[in-house]
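Please look over the sequence and the 3D structure below.

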Amino acid sequence: TLSEELVAPAELRIMDGASDELIGRIPLGSAFESKFGAPYNVAHRADLHRALLLACKAHDGITHQTDCPISRFEQNDIGVTVETGSGTSLTATALIGADGVWSTVRTLLLGDEPPAFANYICFRTLLSADAMPADTAWNAATLWTGPNCHLVHYPISGRRSFNVVATFQGSWRGEGWNTEGDPQELLTKFGKCSDRVKRILEAGTQYRRWALVDRKPVKRWSKNRVTLLGDAAHAVLPFFAQGAAMAIEDADRLAECLSAHNDVAAAFQAYEQTRLARTAKVHTESRYLGGVYHATGIKRFVRNKIMRRQTADDWYRRVNWLYSGP
């Protein structure tokens, strides 16, 4: 089960990646749970997907069908008809587009512009617990800030592995999520960082890279019997680590609204109205944090000075709006 794979980090540790100094520490253990009413856990995305898939397969009312991209849909007062790329037609009471940042459902529904490239590039790898340098294998969600770059790592899958994600500024604009990344390019971009940061990066032998995109918040993402969920509705940069969390919140709130309303269109409208402001704030905060993490010069000096002064209560007040719940 997912609970067996979850890891509860003891803290969020913020390091200056150039000077190798600790500049911030946010307790994530019992103090966090006492403050916000729930523990802080991290999971490997594959473990989360597996748990969700098994839950779907165990439900008699769910049919899981792959390899059927949507090409068009039509809706009326009683339902929605979807046509797939193979020409098959499917009819249902409603359509929920949870098809990610490059959502086809969104394009068909809203007809707006594609997501905007943010001029950030991410490299990701998984390291076994043995491969992670021992002097950085903390039970912590760790952020290393750097000049025009930053590195994040944390233990996952019952602490058998570490997720390592390195981000730097760049103009490459590939649309895929699974392009091979050149480790040498990564080391060059992190060339002004400390030896410990470089040793973490050198421990990874295979990287996948992708270009970051997001979308500006919109005033609505539902029309009658069709709505959007997760990145399809409100794609955000990953710097606040809330993309998957917002999608799960969406699903939970959408289920509540469908239970509370007999009319699907009314349920979708209620769901949308409860999610617009919160997800828009996550979008704004995520963009802001990119500048904080990558600060140089006087901005870096001020950032470090402010972070060093923060107590646990100061940090908790800063994120109270997020972790106190939607």
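Helices (H or I, at least four residues) and strands (E, at least two) are DSSP runs, numbered from the N terminus. The model is a predicted one, in which local features need pLDDT of at least 70 and side-chain atom pairs count only at pLDDT 80 or more, while totals for chains, interfaces and linings use all residues. Residues are numbered from 1 along each chain as its sequence is written, and side-chain values use heavy atoms, with hydrogens and water left out.

**A pocket and one of its lining residues**

P114 is found in the loop that runs between helix 4 (104-110) and strand 7 (116-128). Relative accessible area is called buried under 20%, exposed over 50% and partly exposed in between (1.4 Å probe, protein chains only). P114 counts as exposed because its relative accessibility is 54%. Leaving aside residues up to four places away in sequence, P114 touches W102 and R215; contact here means heavy atoms within 4.5 Å. P114 and R215 are 101 residues apart along the chain, and 8.1 Å separates their C-alpha atoms.

Both residues also belong to the lining of the second largest pocket, together with R106, D112, E113, P115, A116, D214, K216 and R287. A pocket is an open set of points on a 1 Å grid over the protein atoms alone, where a 1.4 Å probe fits, with protein on both sides within 12 Å along at least five of seven lines; lining residues have an atom within 4 Å of a point. The volume of this pocket is about 150 Å³, a volume being the space filled by probe spheres set on the points, which are joined across faces, edges and corners. Its lining has 7 charged residues, 3 nonpolar ones and no polar ones. In this scheme Asp, Glu, Lys and Arg are charged, Ala, Val, Leu, Ile, Met, Phe, Trp, Tyr, Cys and Pro are nonpolar, and the others, Gly among them, are polar.

**Salt bridges**

A salt bridge is a side-chain nitrogen of Lys or Arg within 4 Å of a carboxyl oxygen of Asp or Glu. The structure holds 21 of them.

| Pair | N to O distance |
|---|---|
| R25 and E11 | 2.8 Å |
| D16 and R300 | 2.8 Å |
| R253 and E256 | 2.7 Å |

In the salt bridge between R25 and E11, R25 lies in strand 2 (residues 21-27) and E11 in strand 1 (residues 11-16), 14 residues apart. R25 is partly exposed at 41%, whereas E11 is buried at 11%.

Which parts of the chain does the salt bridge between D16 and R300 join? D16 is in strand 1 and R300 in helix 10 (residues 297-309), so the pair ties together parts 284 residues apart in sequence. D16 is buried, with a relative accessible area of 1%, and R300 is partly exposed at 29%.

R253 and E256 are separated by about one helical turn because they are 3 residues apart in helix 8 (residues 243-260). R253 is partly exposed at 29%, and E256 is partly exposed at 39%. Elsewhere, salt bridges link E249, D250, R275 and R278 in a network.

**Two positive phi angles**

N148 is not a glycine, yet its phi is positive, near 60 degrees. N148 sits in the loop between strand 8 (140-146) and strand 9 (149-156) and is partly exposed at 38%. R159, also not a glycine, has a positive phi of about 70 degrees. R159 lies in the loop between strand 9 and strand 10 (161-169) and is partly exposed at 40%.
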